[in-house]
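Here are a few friendly notes to read alongside the structure.

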Amino acid sequence: MWRHPSEDFSMSNIRYFSRHKGEVNCTFSPDCQILLTCCDDGRLYLWNANSAKHLATVSGHSAHTQSVETVSFSPDGQWLLSGGWDNRALLWRVQCGEMVEELQGHTAAVQSSAFSSDSQCVATGSWDRTVRVWKLHDEKEVVVLQEHLGNVACLCFSVTEMLASGSWDGTVRVWLPMRHACLFVLGGCERLWVRSLAFSIDGRVLASAAEGDMVKIWDTTTGVCLKRLQGHKDSAFGCVFSPGGELLVSGSEQLEEEGDEENSTERSESWRSLNSEQDNIDDSYTNLDIT
């Protein structure tokens, strides 16, 4: 008999992290020991995720002055990047909450950010329609990628140092950022706001979630859409691969209704088969030759 996963959950030892005065977003450090919360009040707080002890407040001297839109931990857990409506991208040292550097250049709100897998580079996406990539602790010129026709809403690095960017223009662009080169332009015909991106563990597959009820799976070597995963009753907001890479999870705003258990089970099984035969889909993509 089918059993809803929520039946296995129980509530105990609830911890409240309550200092903010507005809508709160949060993210974990890679080792899940530190919780970062950010808010429309322009403040960021670092907490011990187990004890709920307040570790540091990121505010005061030169902190963000408006709503914080994005925060990202570096994979090595040493650095934090925050960006917001004040057009600023700030680099922080996690252990002490000290701001190390302001990464300047964006002329509109900074909405997205991501670190490279080796923690040496960080990328930011903005409402000024550009992606900027900095090599940390290096005085080299900033890489500016500016082919999007809308706000850059999400970013993701692969282990092979490709960078994917999703935009309100409905496209996903896959870059070799240090070569200022765009490899593929994925989608764009439907002009749906791309909300989330995730590379598989080996970087050979890219998942994208957009305003519609569909998650798409792309081959990063050819730019071809391998799968269209349907089932959400509302826009898909986020997607992420499991650490082992065998599962893909996505979330949307609307919950399942009663009587949908059978369909839910079928979708759950189909989303496991990412390596099965390619769907016969006429999805648009542009393959750009790099010389």
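**Notes on the strands**

1. Let's start with a pair of neighbours. Strand β6 (residues 79-84) and β7 run antiparallel and are joined by five bridges. Please keep in mind that this is a predicted model. To find one of these contacts, look for Trp-79, whose bridge partner in β7 is Arg-93.

2. Next, follow the chain through the turn. The hairpin of β6 and β7 has four residues between the strands, and Asn-87 there takes a positive phi near 70°.

3. Is strand β7 mostly covered or mostly open? Strand β7 (residues 89-93) is mostly covered, with four of its five residues buried. Buried here stands for under 20% relative accessible area.

4. Strand β7 also pairs with strand β8 (residues 98-103), in the antiparallel sense and over five bridges. Here Ala-89 has Leu-103 in β8 as its bridge partner. The hairpin of β7 and β8 has four residues between the strands, and Gly-97 takes a positive phi near 75°.

5. Now move further along the chain. Which strands form the open sheet, and in what order? Four strands do so, in the order β9-β10-β11-β12, with antiparallel pairing. At the edges are β9 (110-115) and β12 (143-145), each of which pairs on one side only. From one strand to the next, the twist averages 20°.

6. Strand β9 pairs with strand β10 (residues 121-126) in the antiparallel sense, over five bridges. Within this pair, Ala-114 stands opposite Ala-123 in β10.

Technical notes:
Residues numbered from 1 in each chain as written. Predicted model: local features only at pLDDT ≥ 70, side-chain atom pairs only at ≥ 80, totals over all residues. Heavy atoms only, no water. Pairing = 2+ DSSP bridges. Helix = DSSP H or I, 4+ residues; strand = E, 2+ residues; numbered from the N terminus. Axes fitted to C-alpha atoms, helices over the stretch in contact; angles between N-to-C directions. Buried < 20%, exposed > 50% of the residue type's maximum accessible area, 1.4 Å probe, protein only.
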